[in-house]
Amino acid sequence: MSQGFTAVVIDTVDGQPRGQFRELHLNDLADHDVLVEVAYSTLNYKDGLAFTGKGRIARHMPVIAGADLSGTVVDSRSPLWKAGDKVIVNGFGMSETEGGGYSRYQRVKPEWLLRLPEAFSLQEAMAIGTAGYTAALAVLALEDWGRITPGQGEVLVTGAAGGVGSIAISLLAAAGYRVTAATGRPQTHDYLAGLGASHFVERATLAEKGGALQKERWTGAIDTVGSSTLANVIAQTVYNGAVAACGLAGGADLPATVMPFILRGVTLIGIDSVMTPMAKRERAWSRLAESLNRAHLADMTKVEPLSNLPQLANAIMAGEIRGRVVIDVTR
């Protein structure tokens with residue numbers, strides 16, 4: 001293929017990383033073994049940080065943006081994959097140190113690829129994307145810890161109307177857990193109730209400075225916010241409860257004390273989605289295929305052309321995105 005194609009590239013502009021549209025050719029891509037024709041990518045908070053330069057996501061530039069992709073193998077030097085295979089890639093340094101999914105074509109390493117689950121289309125896989133796959137990892141981590149029980153206690157989800165939060169609520173509710181959603185947007189309550197949230201907490205009450213030990217409430221929690229919100233969630237978690245932390249929308253700091261850990265035995269579980277071993281990825285995607293309500297997924301998703309990425313990146317940084325945004329890289 002000799003004709004060019006459009007990609008979003010993170011490069012230095014006036015001393016700062018910024019996303020720009022560029023015309024590329026196949027010889028501009030890395031020399032990895034599998035060439036994928038990309039159908040869709042998605043918009044995560046991390047992608048907003050990278051595109052706007054508000055977070056230094058790209059660690060060497062220029063680099064094609066987009067932490068996810070779904071598409072079809074065009075050519076492969078690996079015996080593991082052949083032309084026509086439908087595949088997904090989440091993370092593995094895409095948009096950081098490796099070219100990402102905001103491109104019509106991408107070359108990737110064969111060990112990054114996950115076969116598209118039969119339950120999902122390429123578009124649905126990116127409606128899930130890193131956000132949904134991270135939500136599944138967090139739910140599994142809480143269940144593996146063994147302290148949350150369907151129908152008993154409360155499981156809190158912060159940043160509830162975002163991508164991770166939306167899919168986490170749907171997965172938790174499907175398993176029978178009582179879910180409380182923390183959000184600063186009352187207009188999303190009907191949407192979140194439709195996903196399975198039964199109670200709501202005002203985001204601002206969790207963002208305020210609180211005591212080292214507070215009234216016990218949460219048997220488990222999935223936090224996408226970090227900073228004071230995570231500190232308060234930990235301080236409100238019941239004896240031997242656990243919190244799965246997977247985001248920093250509110251900041252990367254943690255103004256907490258050791259008191260909940262040494263007096264209540266609370267466990268803080270870190271969720272990494274970028275370099276997660278393939279066995280864990282497959283387990284997370286299996287849970288999504290088995291349990292994610294497809295109607296919920298459709299309700300929380302909108303599809304946007306790649307050309308709208310500048311506006312979308314600013315919107316997700318401003319907290320204006322509800323649910324999931326699929327990026328159609330063909331438009």
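Modeller: A residue is called buried when its relative accessible area is under 20%. In this predicted model, 56% of the 331 residues of the chain count as buried.

Biologist: What does the radius of gyration say about how compact the chain is?

Modeller: The general idea is to set the radius of gyration over C-alpha atoms against a globule rule. The chain here holds 10 helices and 16 strands. Its radius of gyration is 20 Å, close to the 20 Å that the rule gives for 331 residues, so the chain is as compact as a globular protein of that length. Along the principal axes, the C-alpha atoms fill a box of roughly 65 × 45 × 35 Å.

Biologist: How many aromatic pairs are there, and how is the one between Phe92 and Trp112 arranged?

Modeller: Two rings pair if their centres lie within 6.5 Å, and planes under 30 degrees apart count as stacked. The count comes to 3 aromatic pairs. Among them, Phe92 and Trp112 are stacked, at 6.1 Å centre to centre with 10 degrees between the planes. Phe92 lies in the loop between strands E6 and E7, and Trp112 in the loop between E7 and E8, 20 residues apart. Both Phe92 and Trp112 are buried.

Biologist: Why is the pair of Phe120 and Trp285 classed as edge-to-face?

Modeller: Planes over 60 degrees apart count as edge-to-face. The planes of Phe120 and Trp285 stand at 75 degrees, with ring centres 6.2 Å apart, so this pair is edge-to-face. Phe120 lies in the loop between E8 and helix H2 and Trp285 in helix H8, so the pair ties together parts 165 residues apart in sequence. Phe120 is buried, at 4% relative accessible area, and Trp285 is buried at 2%.

How values were computed. Residues are numbered from 1 along each chain as its sequence is written. This is a predicted model: local features need pLDDT of at least 70, side-chain atom pairs count only at pLDDT 80 or more; totals for chains, interfaces and linings use all residues. Side-chain values use heavy atoms; hydrogens and water are left out. Helices (H or I, at least four residues) and strands (E, at least two) are DSSP runs, numbered from the N terminus. The radius of gyration is taken over C-alpha atoms; the globule rule is 2.2 Å times the number of residues to the power 0.38. Buried means under 20% relative accessible area, exposed over 50%, partly exposed in between (1.4 Å probe, protein chains only). Rings of Phe, Tyr and Trp (its six-membered ring) pair if their centres lie within 6.5 Å; planes under 30 degrees apart count as stacked, over 60 as edge-to-face and the rest as tilted.
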